[in-house]
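Please look over the following notes with the structure open beside them. They take a few local features in turn and then turn to a whole chain.

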Amino acid sequence: MVWGRMAWYWRIWNVLRPGRLQSDLERELSFHVRERAEELQAGGMSGEHAVRAARQAFGNYTAQVERTRDMDINDGLESLVRNLRQAMRGLGKTPAFTVTVILTLAIGIGANSAVFSAIDAVLLRASPFPNGDRLVKLGQVNPRNRDAFVAPPRLEDWNRLNRTFQAITGYYTEDESELSGELPEKLKRALIAPRFLQVWGIAPELGRDFSPQEEHFGGPNAVLITDRLCRRRFGGSANAIGKNLRINNISMPIVGVMPASFLFPDRDVDLWSPSPMDSPYSQSRETGWFTTFGRLKPGVTLEQARANLASVQANLGRQFPKTDARIGASVEPLKEATVAGVRQSLWILFGSVSLLLLIACTNIAALLLSRAAERQHEISVRFSLGASRSSVAAQLLTEVLALALAGAALGLAIAGEASRVFRALAKDLPRVEEIRLDSGIVLYSLACAIAATLLCGIFPAIRATRRNLAGSLAQAGRSQVSSRNPVQFTLVGVQVALAVMLLAGAGLLLRSFQELGRVSPGFDAEHVLTFHMNSSWAETGDQKGARQRLERVLDSLRSMPGVTAAAASMSLPGLPDQYQMELNTVEGRAETEPKMLAQSRAVSPTYFATMRIPLLAGDTCRDNLNTSGVMVNHSFANAYLAGRAAIGLHLAQPGSAFFPPGEIRGIVGDARESGMDREPPPTVYWCYSALQPGTYFLVRTQGDPKSMAETIRRKVHEIEPRRSVYDLTPLVDHISDSYAENRLRTILLAFFALTAVSLACVGLYGTLSYLVSVRQREVGLRLALGALRTQIVRQFLAQGLSVALLGCAAGLALTAVFGRLLSGMLYGVSAWDAATLGGVVAIVMAVSILASLLPAIRAARLEPMQVLREQ
Amino acid sequence: MGAKKNDILQGTLALLILRTLVAGKRMHGYAITAHIQRVSDQLLRVEEGSLYPALHRMEQQGWVRAEWGQTEKNREARFYSLTAKGRKQLMQEEESWTRLTEGVARVMRYA
């Protein structure tokens, strides 16, 4: 076995170092000759004679050396190396061709590998947790609203009663102020149910998990911190364990540091601490706040887990009919829950880069065809010298392989850079930090290169080696072009068609963006600064205090020069965010009326003035503890209360402890608060101005909101010295960030499309130039016989443009077929928007004219006499 | 080239080499030729032109292993010895050789 491998090794060595082999062989054979000569000498021959006789007996010495050497070299391997060497030589002679092909392939393969690396990291690779495929996201499904948060007792019941999960856990988050430094520092804390680390299957890097005592209400305080916080605060050393953090003025000892890769629930998290499930406030089954996860037992399928949890919940429904009867349980893979939003975008991008690669390959195939045609003579000579068709084809394919490998290597370098840019641009993409170039991507690029070789190379190789071409030797150099190169032009047409399709996709996305910008949102996002101030859920127990705190901050903000209004809201207007609930009027509605489904927003009464949402009827609500008021928007009043006096009615969410019934105080204008791309849905505003975690402050400024940021931070610090103020960002930036993925997709698609168009034009230009060069003689003749130069230009131009036109038509047909893939991503334009498609065709035709004009003019400039002399 | 009577039948050269090496001693090419000539009482003569390609092919197939060494006269030579695979190959070739010669002998007897 070992020997066999050695032999293989030596064989390769022999191929690579023929010189060495030769000399070893010669040493061996000359030894033989010398021995023979000595024997003959011993038999009485003279020295000189003996040597000659020995040589003679040996036969043709060089032939022997070669025959023996052949035995040592694996034939296929050597011919590959020979082909490669020949290919290098051939490619070196035509640097322009070589560079064009390598660059084209590098762009194709590079873009493809970069997008594939993103797909691989985000969609394909298993989640980074041990046995991540067994992690699932759970939720309680309530027909009345989309609130999936699970109530603590229910979470514990699910964990205790199921048979399909190893463990179930949950978390919620708060932003905290850490007070041991000079200024309060904002830290994001995840409050976690028991079994949290067990579900993830991750242990602390340093220190330990929480003890059962620490998970009990009234037990000792403890926090786990991120590697990042540990580095920032304690220089990353192990002596962080046992140190204290001052969270909201409570001293919390650090019991462990998590590995750097563990950033859950999101990459902003700084620390984790237990949320005791036996605390008095965790006993209600009515309100839930846990985002819930579970780890399936090995071998349990999703369906089994769903069925099991459903029956557990059904039993709970019988046990607690009031709270649990109408609640269901949802189970979905964690990965699905994380990446569902970007799946379509990524596949669309992948589709477009694959098209780009296809265009690149088609382009190269056309170039190779022209090259093969130029080499017709060389190939014919080889055939006539007895080369087999397969050996000539192998030679041609080797050339493409060399190009493809060089292209892939360069492409990998491009992909490395591209994925770095991608990471920076798509920083909000889930799992984006996992994007990297690893061996899988390298293998993928190699696979691309090989696929490209086959795609680009096979066809030209087959055509170039057609037997009947051997006959063309007789025609010598006097090439008469009989065919009009339909194959090359078909390839160019395909490129144009694909490029049109890509450009149409990019154009539609761009137009959607434009349309989105033109929409009147119904509120004024300019000159509004937003920020957070940390608070804890525990504080919301004292609603009065929480209201006063918020009011005090809002009042002092309003008193600042340069500030015209200030408000608080639980969600930012203009950002995709849905909180739909089912409502009823206390006064009752007829059974026949439609269900009252509405977006729900909690805002301070000053919100409407601050956001400049007009009041259409009634008054702005006032928030006070005893009676809570609500506002509804125009579409709500239209949809559900048409024909009734809306003002004065009471809205209630059945079964909700969070929103008590409220009286409708007024009707406001419709605003696209749930996202610019959505029609304003029926909306109910609960006038609620108590500080709670996640509350957004909205400050309308006279000047640039950014320039007010520091002043506002200092002002709030005066009133609330123990709280951290963070995330001071203009509202318009938030809104534009929320379209970052959309924008990235559009930019990338536009980039791919432009590359595709340039490739297609290079293809058209190259093919036409080639045509001109082979038809020089004909053109020369016609010019000599009196043809006008403009006729020549027109002829070649017409040829190029007819190909481009056919390509455009095919591209439009393709767009019609595949356009609906995009329809979910479009806003304000249909997938067959005539203006966009017309623009695309105009661009492509314009570039095609340029690409055809140059070779056409070159043809017309030929000097007839010179051409005829030369050919 | 017409067939001479001392030409070795095609395909039997490998068998002869394997048989020569089976004694276990490592030998260089010249010694192998000499051995075959001597043992066959000069009936068989190994063509140098066939010997070395055969040896190298056998080396590629892993039947023999080659290494450089010194002869008694302190000359550098390439020595060949049999591998386990070669031993197996020898058994097979011996068997088919026996079958062939028996078959040929029978035909000669009855034809």
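1. Strand E1 (residues 135-141) of chain A has 5 of its 7 residues buried, so the rest of the structure largely encloses it. Buried here means that 20 or more other C-beta atoms lie within 10 Å of the residue's own; with 12 or fewer a residue is exposed, and in between it is partly exposed, the C-beta atoms being placed from the backbone. Strands (E, at least two residues) and helices (H or I, at least four) are DSSP runs, numbered from the N terminus.

2. This is a predicted model, in which local features need pLDDT of at least 70 and side-chain atom pairs count only at pLDDT 80 or more, while totals for chains, interfaces and linings use all residues. Residues are numbered from 1 along each chain as its sequence is written, and chains are lettered from A and ligands numbered from 1 in the order in which they are written.

3. E1(A) has antiparallel pairings with strand E9 (residues 291-296) of chain A, over 4 bridges, and with strand E10 (residues 328-333) of chain A, over 6 bridges. Strands pair if DSSP finds at least two bridges between them. A:Leu138 is opposite A:Thr292 in E9(A), and A:Val136 is opposite A:Pro333 in E10(A).

4. In a regular strand, side chains alternate between the two faces of the sheet. E6(A) is joined by 4 bridges to the antiparallel strand E7 (residues 250-257) of chain A, where A:Met252 stands opposite A:Leu245. The hairpin of E6(A) and E7(A) has 2 residues between the strands, and A:Asn248 takes a positive phi near 50 degrees.

5. Helix H22 (residues 740-774) of chain A packs against helix H25 (residues 834-860) of chain A at an angle of about 20 degrees, the axes being 9 Å apart. That makes the two helices, H22(A) and H25(A), roughly parallel (angles under 35 degrees count as such). The residues of this contact comprise 12 nonpolar, 3 polar and 1 charged. Ala, Val, Leu, Ile, Met, Phe, Trp, Tyr, Cys and Pro count as nonpolar, Asp, Glu, Lys and Arg as charged, and the others, Gly among them, as polar.

6. Chain B holds 4 helices and 3 strands, in the order α-β-α-α-β-β-α from the N terminus. Of its 111 residues, 25% count as buried.

Definitions and conventions
Axes are lines fitted to C-alpha atoms, for helices over the stretch in contact, and angles run from 0 to 180 degrees between N-to-C directions. Angles under 35 degrees count as roughly parallel, over 145 as roughly antiparallel, 65 to 115 as roughly perpendicular and the rest as oblique.
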